[in-house]
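Take a look at the model below. This report walks through its sheets, helices and cores, one piece at a time.

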Amino acid sequence: MTNLSDYITQDLKPLDIQESIAVAQDFFLDLPFSHFPVLENGIFIGSVSSEDVENFDSSKKLVDYKYSFEGFFTRKYSVLLDVLDDFAKNETTVLPVLDEQNNFIGYYELEDVIKVFNETPFLKELGAVIIVEKDINDYSFSQISQIIEGNNAKLLGAFLSNTDTEKVQITIKIAEGGINEIIQTFRRYEYEIISEHQEDDYLKTLKERSDYLDRYLNM
């Protein structure tokens, strides 16, 4: 099984803060990166964006624009979903990686991390996807797991796909087991089902009763 950290790369040296803007501009012209890490005396001090570099004065140096560097990074031990979240939050295609002592050890490229994600059972294995919603203080991953396993199903993965100050939505992928029974169990535990499912007998029954009453009222 491939570890995410196997994709930490050092193929290209970080930019040095004393590098000229002209060299940095040429760097981004040759490579399709949104950002790239910058070091000062071997210490990571942030990433510079290709959009910013394009507008900098080519006669100056990166150190003259130190104020514009972005300080995002991840750790070598960060899990896959956290790394994907870091990419998304910072709208970057390159994510610097630091060790526990804040030493720069390389970087992730978005394309490589997505490749790892696509190989996970969550995406690769066949299964059903359910999106549930509950009050932010009431949901429990252990409860979600118990609901699924209690219906003789296998949990392939789950993550928070949306959240606000009151509610949280959890996307769940399930292999095996009856999806309808799982949905009904979630409802008994006061989870709202956000996704639509053809096998949801509860909604089907409600619709049939509604249609019957509608016909009755129109007799």
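What is the strand order in the open sheet of 4 strands, and how is it paired? The order is S8-S9-S7-S10, and the pairing is antiparallel. Keep in mind that this is a predicted model.

## The sheet of four strands

Start at the edges. Strand S8 (154-163) and strand S10 (192-193) are the edge strands, and each pairs on one side only. Strand S7 (residues 128-135) is joined to S10 by 2 bridges, and the two run antiparallel. Val132 stands opposite Ile193 in S10.

Two helices meet this sheet. Helix H6 (residues 141-150) packs on it and touches S7, S8 and strand S9 (167-175). The direction of H6 makes about 140 degrees with that of S8. Helix H7 (residues 179-188) lies across S7, S9 and S10. H7 runs at about 5 degrees to S7.

## The sheet of three strands

Now turn to the open sheet of 3 strands. Its order is S1-S2-S3, and its pairing is mixed. S1 and S3 stand at the edges with a single partner strand each, so one side of each has no neighbour in the sheet. Strands of a sheet pair through backbone hydrogen bonds, either parallel or antiparallel.

Strand S2 (residues 35-40) and S3 run antiparallel, joined by 6 bridges. Val38 has Gly46 in S3 as its bridge partner. His35 stands opposite Ser49 in S3. The hairpin of S2 and S3 has 2 residues between the strands, and in this hairpin Asn41 takes a positive phi near 55 degrees.

Ser49 is found in S3, which spans residues 43-49. Ser49 is buried, with a relative accessible area of 6%. A polar atom of the Ser49 side chain lies 3.1 Å from the backbone nitrogen of Asp52. Beyond its neighbours within four places in sequence, Ser49 is in contact with Phe28, Ser34, His35 and Glu70.

H1 lies across S1, S2 and S3, and runs at about 145 degrees to S2. Which residues of H1 are buried? They are Ile21, Ala24, Gln25, Phe27 and Phe28. Seen down the axis of H1, these residues fall within an arc of 155 degrees, so they line one face of the helix. The pattern has a simple basis. An α-helix has 3.6 residues a turn, so residues three or four places apart point the same way.

Helix H3 (residues 80-90) also has a set of buried residues: Leu80, Val83, Leu84, Asp86 and Phe87. They cover an arc of only 155 degrees around the axis, which puts them on the same side of H3.

|---|---|
| H1 | Leu29 and Asp30 |
| H3 | Ala88 and Lys89 |

What covers the buried sides? For H1, the cover includes strand S1 (15-16), S2, S3 and helix H2 (50-55). For H3, the cover includes strand S4 (74-75), S5, S6 and helix H4 (110-118). H3 is followed by Glu91, whose phi is positive, near 50 degrees.

One more residue of H1 deserves a look. Ala22 is found in helix H1. Ala22 is partly exposed, with a relative accessible area of 31%. Ala22 and Glu54 are 32 residues apart in sequence, and their C-alpha atoms are 9.3 Å apart in space.

## The nonpolar cores

How many residues make up the largest nonpolar core? It has 21 residues, and those with the most contacts inside it are Leu15, Phe28, Phe36, Val48 and Leu62. Helix H1 (21-30), S2, S3, strand S5 (94-98) and strand S6 (104-109) each supply at least two residues of this core. H1 gives the largest share, 4 residues. Apart from this core lies another, of 16 residues, among them Ile148, Ile172, Ile174 and Phe186.

Finish with Val48. Leaving aside neighbours within four places in sequence, Val48 is in contact with residues including Leu15, Phe28, Phe36 and Leu62.

Terms used:
Residues are numbered from 1 along each chain as its sequence is written. This is a predicted model: local features need pLDDT of at least 70, side-chain atom pairs count only at pLDDT 80 or more; totals for chains, interfaces and linings use all residues. Side-chain values use heavy atoms; hydrogens and water are left out. Buried means under 20% relative accessible area, exposed over 50%, partly exposed in between (1.4 Å probe, protein chains only). A polar contact is a pair of N or O atoms within 3.5 Å; within protein, one must be able to donate a hydrogen and the other to accept it, and residues adjacent in sequence count only if both atoms are side-chain atoms. Contact means heavy atoms within 4.5 Å. Two strands pair if DSSP finds at least two bridges between them. A nonpolar core is a set of buried Ala, Val, Leu, Ile, Met, Phe, Trp, Tyr and Cys residues joined through side-chain atoms within 4.5 Å. The arc is that of the directions from the helix axis to the C-beta atoms. Axes are lines fitted to C-alpha atoms, for helices over the stretch in contact, and angles run from 0 to 180 degrees between N-to-C directions.
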